[in-house]
Amino acid sequence: MKIKVYHGGTEAISSPRADAGRRNLDFGQGFYITDLRQQASDWAKHVSDRRQIPAVLNVYTLDRDAILANYRCKVFDAYDEDWLDFIVESRLGNNPWIDFDYVEGGVANDRIIDTINLYMADLMTRDKALERLSEHRPNNQMCLINQEIIEKYLTYDGTEEVH
């Protein structure tokens, strides 16, 4: 099934690049999208406020089923142990994403970043961090790590201004 996905920011991106992002983000270096329009719009506004330029929402169609059937994928359904370990390893620069073409799951956003930071600083136990994370329903992000996925399964539908 094909789904609508979004990338919020301050510029139109008709030809995304998997190698343009930073390596130590949640799911590694890749092109980040979400199936949650409001989440992408909120992020675009956040970036826009910081840069003092207009916010935009890039809209795409993604053939997620084809990706899941044909590539090395990691999908997190919850803020759980597996997700926490992956995020921590990514932020430490250990590249747990290197063996995957596509990673999907919860965003380490403002609602939960304090928990992750306290855990990484050894100021919170693993059990306490997992307990706190379980109180939150994850937002969703998808990281397209393999450029071939972008070229074959992501179609640019246009860019809209975010108000």
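Some ground rules. Residues are numbered from 1 along each chain as its sequence is written, and side-chain values use heavy atoms, with hydrogens and water left out. Because the model is predicted, local features need pLDDT of at least 70 and side-chain atom pairs count only at pLDDT 80 or more, while totals for chains, interfaces and linings use all residues.

Let's start with helix H4, residues 113-120. Helices and strands here are DSSP runs, numbered from the N terminus: H or I of at least four residues for helices, E of at least two for strands. Which residues of H4 are buried? Ile113, Thr115, Ile116 and Tyr119. Buried means under 20% relative accessible area, exposed means over 50%, and partly exposed is in between, with a 1.4 Å probe and protein chains only. Recall the general rule: an α-helix has 3.6 residues a turn, so residues three or four places apart point the same way.

What do the buried residues pack against? Helix H3, 81-91, and helix H5, 126-133. Take H3 first. H3 and H4 pack at about 70°, with axes 11 Å apart. Axes are lines fitted to C-alpha atoms, for helices over the stretch in contact, and angles run from 0 to 180 degrees between N-to-C directions. H3 and H4 are therefore roughly perpendicular. The classes are these: under 35 degrees is roughly parallel, over 145 roughly antiparallel, 65 to 115 roughly perpendicular, and the rest oblique. From H3, the contact uses Trp83, Leu84, Ile87, Val88 and Arg91; from H4, Ile113, Ile116, Tyr119 and Met120. Contact means heavy atoms within 4.5 Å.

Now H5. H4 and H5 pack at about 175°, axes 10 Å apart. That makes H4 and H5 roughly antiparallel. Thr115, Leu118 and Tyr119 of H4 meet Arg126, Ala129, Arg132 and Leu133 of H5. One backbone note: H4 is followed by Asp122, with a positive phi near 60°.

Next, the aromatics. The whole structure holds eight aromatic pairs. Rings of Phe, Tyr and Trp (its six-membered ring) pair if their centres lie within 6.5 Å; planes under 30 degrees apart are stacked, over 60 edge-to-face, the rest tilted. Phe27 and Phe86 have ring centres 5.9 Å apart and planes at 70°, so this pair is edge-to-face. Phe27 is in the loop between S1 and strand S2 (31-33), Phe86 in helix H3, 59 residues apart. Both are buried. Phe31 and Tyr60 are also edge-to-face, at 5.8 Å centre to centre and 85° between planes. Phe31 lies in S2 and Tyr60 in strand S3, residues 55-63, so the pair ties together parts 29 residues apart in sequence. Phe31 is buried at 5% relative accessibility, and Tyr60 is buried at 0%. Phe27, Phe76, Phe86 and Phe100 form one aromatic cluster.

Last, Lys4, in strand S1, residues 2-9. Is Lys4 buried or partly exposed? Partly exposed, at 41% relative accessibility. Lys4 and Tyr60 are 56 residues apart in sequence, yet 5.8 Å apart in space, C-alpha to C-alpha. Beyond neighbours within four places in sequence, Lys4 contacts Thr34, Asp35, Val59, Tyr60, Thr61 and Asp157. The Lys4 side chain makes polar contacts with the side chains of Thr61, at 3.3 Å, and Asp157, at 2.6 Å. A polar contact is a pair of N or O atoms within 3.5 Å; within protein, one must be able to donate a hydrogen and the other to accept it, and residues adjacent in sequence count only if both atoms are side-chain atoms.
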